[in-house]
Amino acid sequence: MMAGMTGEETRTAMSPPIRSSAQDAELQPPATRAWMTRVVIIGIVLTALNLRPAITSLGALLEEVRDGLGMSGSFAGLLTSVPPLCFAVFGVMAPRLARRFGPAAVVCAGMVAIAAGLAIRPFAGNTAGFLVASALALMGIAVSNVLMPVIVKRWFPDRVGSMTGLYSMALALGTAAAAAVTVPMTRALGGSWHAGLAVWAGLAAVAVLPWIPLVRARDTALSRDAASTPASAHGVPSASAAGQEPSALRITRSRTAWALAVFFGLQATAAYITMGWMAQIFRDAGVPAGTAGLLLAVTMVMGVPLAFVIPRLATRLPHQGPIVVALGICGLVGYAGLYLAPAGGAWAWALLLGIANCAFPLALTMVGMRARTGAGVAQLSAFAQSTGYLISIPGPLLVGVLYQHSGGWGLPIALMAGLMIPQIVVGILAGRDRTVEDEAARRR
């Protein structure tokens with residue numbers, strides 16, 4: 001993987017800089033720039049709302065989907081491992097696609113892919129088709145995952161904490177909404193899990209709309225710029241002059257980048273096990289299906305307020321380690337309760353695990369803080385997320401295998417709790433006040 005990353009970095013360094021959407025906005029009158037900024041905010045929020053319903057809606061109906069498609073427990077575990085696999089494979093492509101087509105165009109295409117995949121997969125008719133359609137939707141999610149911190153850094157460099165908080169809050173809201181309403185909405189639509197899953201394609205289709213004018217604005221600006229004097233001649237900084245596209249970093253030489261990647265991978269492991277299996281854990285403990293979906297929603301909805309607070313708090317601290325430790329302790333207590341009294345204390349455990357899952361917005365915030373430039377953030381985001389999601393792939397699958405062969409949830413829950421310890425350790429390392437540019441330069 002390191003060799004492949006180095007090759008990618010070499011190609012990046014040799015490719016000409018591509019103007020970002022934010023730099024195109026500099027060529028516009030002030031009123032137009034303000035309008036585009038508002039459109040970007042709307043696009044960020046709608047995109048974030050669509051980055052998890054494909055996963056949590058499936059988690060809420062996993063038992064119905066398993067029965068409908070004839071899946072075994074092990075295959076269902078494989079299905080819950082597909083999201084991190086797709087995020088790892090397709091996420092690493094995002095920076096290169098963004099340089100070629102622009103971040104707004106790639107995110108727009110990502111929303112189209114999500115809408116298409118979610119509309120197709122319930123009606124594919126077999127497990128292979130279901131997996132392929134799911135992969136299409138997850139591909140769109142993967143590139144958008146990576147590019148959201150990049151767009152925030154470029155459009156709002158002085159508001160990274162607050163905009164990351166807004167994006168994370170919208171992501172948590174979409175996650176929770178899908179977990180909470182999928183089961184009752186399925187019943188309202190006649191009880192068919194096909195309709196209950198397909199309806200989320202409509203939300204993704206709406207998210208395409210705000211990116212269209214941004215893509216058109218970029219294309220217009222590039223065409224006008226190609227036919228006239230370079231923008232730098234008029235006092236407007238070009239991509240290279242603005243310092244947004246320096247030579248590619250040797251990101252694999254940064255210890256902070258590796259610590260952040262492992263932290264991202266372990267928190268993603270916990271998140272996808274939670275989204276894929278928590279509702280089933282509660283159902284097996286005797287909790288009704290509708291209530292189990294609400295418990296999953298409680299876990300997800302905790303990210304709505306905390307995803308806004310944690311990034312703002314993180315940007316004000318020189319070291320984010322204390323936040324990492326606090327979230328980890330909540331996770332350990334939640335897993336202990338899930339093991340000892342899954343039904344009796346269900347609401348408390350859902351609440352604590354929801355707090356622990358807020359390691360995700362913290363990881364996104366640290367991506368923005370551990371690099372100085374937009375280009376550095378793009379490389380760090382792609383490396384941390386792709387490597388992290390690779391690390392997270394075995395977790396949900398292993399939970400499914402342990403559950404099927406042990407006949408209970410004791411071993412899977414012990415695995416979840418055990419992984420929380422290294423997550424705390426690498427999170428403390430990733431939270432140190434340093435940048436990947438400095439580390440990569442020192443190790444050349």
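1. Helices here are DSSP runs of H or I with at least four residues, numbered from the N terminus. Helix α22 takes in residues 410–430, and Gln423 is found there. A quick caveat before going on: this is a predicted model, where local features need pLDDT of at least 70, side-chain atom pairs count only at pLDDT 80 or more, and totals for chains, interfaces and linings use all residues. Residues are numbered from 1 along each chain as its sequence is written, and side-chain values use heavy atoms, with hydrogens and water left out.

2. Is Gln423 buried or exposed? Gln423 counts as buried because its relative accessibility is 6% (buried is under 20% relative accessible area, exposed over 50%, partly exposed in between; 1.4 Å probe, protein chains only). Leaving aside residues up to four places away in sequence, Gln423 touches Phe263, Leu266, Gln267, Val324 and Ala359 (contact means heavy atoms within 4.5 Å).

3. Now have a look at helix α17, residues 321–340, which gives three residues, the largest share, to a nonpolar patch. The patch covers about 280 Å² of surface and is made by Val325, Ile329, Val333 and Ile428. Val325 sits in α17 and is partly exposed, at 31% relative accessible area.

4. Helices α16 (residues 303–316) and α19 (residues 359–369) pack at about 35 degrees, their axes 9 Å apart. Axes are lines fitted to C-alpha atoms over the stretch in contact, and angles run from 0 to 180 degrees between N-to-C directions. On the α16 side, the residues include Ala307 and Ile310; among those they meet in α19 are Pro361 and Leu362.

Methods: Patch = residues over 30% accessible without salt bridge, like charges linked within 9 Å, V, L, I, M, F, W, Y side chains within 5 Å. Areas by Shrake-Rupley, 256 points an atom, 1.4 Å probe, with all protein chains shown as cover. Salt bridge = Lys/Arg side-chain N within 4 Å of Asp/Glu carboxyl O. Helix = DSSP H or I, 4+ residues; strand = E, 2+ residues; numbered from the N terminus.
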